[in-house]
Amino acid sequence: MGRLPRWGKVAAAGGVVLAGVTISQRVKPLPCPYALRWMTDIPRPYLTRRKVVEILEAQPGERALEVGPGPGYHTFAVAERLEPGGELHVFDIQQKMLDALMQRAAKRGVDNVVPRQGDARRLPYADDSFDAALLVTVLGEIPGQEAALRELHRVIRAGGRVVVGETPALDPHFVRFPVLRRRAEEAGFRFEHRMGPGLAFLARFRRD
Ligand SMILES: C[S@@+](CC[C@H](N)C(=O)[O-])C[C@H]1O[C@@H](n2cnc3c(N)ncnc32)[C@H](O)[C@@H]1O
């Protein structure tokens, strides 16, 4: 370190801090801080609104659930696809995220988004109550991904689908595809389709 130029020391210190944050977030994950919600508005490769809508196959009149929407990067594109007659329920552990999302909904005149606060490991919805569910860069933030996947399996009707999006870009909680697939299958889902490479993907599972 003694012979490194000043910028090299700063870069090395930054690398150490980043590695520390990544390790601690993987061992003991925490929800994305509200103050960093702006990061979810940065477009991420493959996790685009268009691809999310495409793989979710949302239909007019359906009742869908988005877990961990944050301030709603994907929410409105999905909600629009459910019109007319459909609803998108948004469920987040942070009430402030939901408040920010609902402010955006009001500005856009979107009226088919229904918020509820809570923990994805205990969903406050009846069995078989959704046609589809969506989680983009959320699963890794939940300490107990297996419990969250079991809950999703419970609330999605037979024949319904769940789409999970993951990327390590700007996210220390990245869940690799083989790990996701194993956990989803253990929860009772059947893997159906994946869009994107291993480092930025959307995967669709079906509840048979
Ligand atoms: C990184 S943000 C992703 C936001 C959005 N899905 C996107 O891709 O732009 C993760 C979101 O998941 C929420 N979250 C984390 N743990 C959760 C849990 N146990 N139950 C429900 N939501 C949770 C966080 O509060 C946050 O809003």
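Mentor: Leaving aside residues up to four places away in sequence, Glu166 touches Thr137, Phe174, Val175, Leu180 and Phe201; a contact here means C-beta atoms, placed from the backbone, within 7 Å. This is a predicted model, in which local features need pLDDT of at least 70 and side-chain atom pairs count only at pLDDT 80 or more, while totals for chains, interfaces and linings use all residues. Residues are numbered from 1 along each chain as its sequence is written.

Trainee: Is Glu166 buried or exposed?

Mentor: Glu166 counts as buried because it has 29 C-beta neighbours inside 10 Å. The cut-offs are 20 or more other C-beta atoms within 10 Å for buried, 12 or fewer for exposed, and partly exposed in between. Of the 208 residues of the protein, 37% count as buried.

Trainee: Which strand holds Glu166?

Mentor: Glu166 lies in strand β5. Strands (E, at least two residues) and helices (H or I, at least four) are DSSP runs numbered from the N terminus.

Trainee: What is the strand order of the sheet?

Mentor: The order is β3-β2-β1-β4-β5-β7-β6, in an open sheet of seven strands with mixed pairing; two strands pair if DSSP finds at least two bridges between them. β3 (113–117) and β6 (190–195) are the edge strands, each with a single partner, so one side of each has no neighbour in the sheet. From one strand to the next, the twist averages 20°.

Trainee: And which helix packs on it, touching β1, β4 and β5?

Mentor: That is α5, whose direction makes about 145° with that of β5. Axes are lines fitted to C-alpha atoms, for helices over the stretch in contact, and angles run from 0 to 180 degrees between N-to-C directions.

Trainee: Which residues of α5 are buried?

Mentor: In α5 (residues 145–155) they are Gln145, Ala148, Leu149, Glu151, Leu152 and Val155. Seen down the axis of α5, these buried residues fall within an arc of 160°, so they line one face of the helix; the arc is that of the directions from the helix axis to the C-beta atoms. Their cover includes β1 (63–67), β4 (130–136), β5 (156–166) and α6 (177–186).

Trainee: Changing topic, which residues come nearest the ligand?

Mentor: Thr40, Gly68, Gly70, Tyr73 and Ala120 come nearest, of the 19 residues around the ligand, where the limit is a C-beta atom, placed from the backbone, within 6 Å.

Terms used
Contact = placed C-beta atoms within 7 Å.
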